[in-house]
Amino acid sequence: MKAPIGIYGGTFDPIHYGHLRPCLELCESLKLDHVRFIPAFLPPHRDNPATEVVHRLEMVKKAIDSEASFVLDEREIQRGGPSYMVDTLKSLRQDFADNPLCLLMGMDAFSGIESWSHWQELLDYAHIIVTQRPDTDFHALDLWSDSLNQFYQKYKLQNNNTSAQNIHNSLHGVIQLESVTQLSISATDIRKRLKNRQSIRFLTPEPVIKLIECYNLYQ
Ligand code: ATP
């Protein structure tokens, strides 16, 4: 079996270090071949993005440009319509038949996964790797619905293998919680600061800030 690939979807409105750093840490700890950043064209379970897709795309491109293990994947934008992750995973599975796929997401996203289209099928195509995020309790499993708890209990890492071993041994089907450095950064906060004409330095890479200034985004 080939090396696992990380799949990281998001609105990226804008992309920031709270996305980039956890992905790099997961890439190292899980020994991923690379991480594919997949900007959503139309996120189905939230408000439409504040920013046009070309700008969100360009910001992701600039943000990951200097990291060889990060790859931009434009398939949701090319597909158009609502960006259902299950469709994205199906198409990735066709392109990467022999690589385990690891869908990376924060705990906030996992807690709301039941609203995703065909959510229970996601594990037919990929593993799900959940990272904690500031302000979302990693172990607040009792806050989840019964069905999400059952889903987690059924598919969580069941044996004594390490995380990396586990996802290298199967193409899909495991849910795993992983620790990453906690960065209390969100796109919502960045947009708010820009509206209030506050600096966003050190929250996102400098080339992203340059683009935001150049196109006068989030004013
Ligand atoms: P917004 O504030 O607009 O909701 P966001 O900052 O949460 O945006 P998204 O593009 O919606 O970013 O999130 C994409 C993925 O990144 C999700 O899985 C989310 O859990 C994760 N994520 C975002 N910010 C962080 C962070 N600071 N730490 C860990 N994970 C994060």
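The sulfur of C23 has its closest cysteine sulfur in C27, 8.3 Å away, which is too far for a bond. A disulfide is called when two cysteine sulfur atoms lie within 2.5 Å, and the structure holds zero disulfides. C23 is buried, at a relative accessible area of 1%, and C27 is buried too, at 8%. Buried here means under 20% relative accessible area, exposed means over 50%, and partly exposed is in between, with a 1.4 Å probe and protein chains only.

A word on the source: this is a predicted model, where local features need pLDDT of at least 70, side-chain atom pairs count only at pLDDT 80 or more, and totals for chains, interfaces and linings use all residues. Residues are numbered from 1 along each chain as its sequence is written, and side-chain values use heavy atoms, with hydrogens and water left out.

Next, the backbone. Helices and strands are DSSP runs numbered from the N terminus, helices being H or I with at least four residues and strands E with at least two. In the loop between β1 (5–10) and α1 (17–29) we find P14. The peptide bond leading from D13 into P14 is cis, with omega near 5°. F12 belongs to the loop between β1 and α1 as well, and its phi is near 50°, a positive value in a residue other than glycine. K31, in the loop between α1 and β2 (34–39), also has a positive phi without being glycine, near 55°. Are these two residues buried or exposed? F12 is buried, with a relative accessible area of 2%, whereas K31 is exposed, with 55%.

F12 comes back when we turn to the aromatic rings. Rings of Phe, Tyr and Trp (its six-membered ring) pair if their centres lie within 6.5 Å; planes under 30 degrees apart count as stacked, over 60 as edge-to-face, and the rest as tilted. The search of the whole structure finds eight aromatic pairs. In one of them, the rings of Y8 and F12 have centres 5.9 Å apart and planes at 40°, so this pair is tilted. Y8 counts as buried, at 12% relative accessibility. Another pair, W144 with Y152, is edge-to-face, at 5.5 Å centre to centre and 85° between the planes. Both W144 and Y152 are buried. Y8 and F12 also belong to one aromatic cluster, together with F37 and F70.

Last, the sheet. In what order do the six strands run? The order is β3-β2-β1-β4-β5-β6, in an open sheet with parallel pairing. Strands pair if DSSP finds at least two bridges between them. The edge strands, each pairing on one side only, are β3 (70–72) and β6 (175–178). From one strand to the next the twist averages 30°. Axes are lines fitted to C-alpha atoms, for helices over the stretch in contact, and angles run from 0 to 180 degrees between N-to-C directions.

β2 and β3 pair in the parallel sense over three bridges, and F37 has L72 of β3 as its bridge partner. On this sheet packs α1, touching β1, β2, β3, β4 (101–106), β5 (127–131) and β6, with its direction at about 150° to that of β2. Contact means heavy atoms within 4.5 Å. Helix α4 (residues 85–95) lies across β1, β2 and β4, and runs at about 150° to β4.
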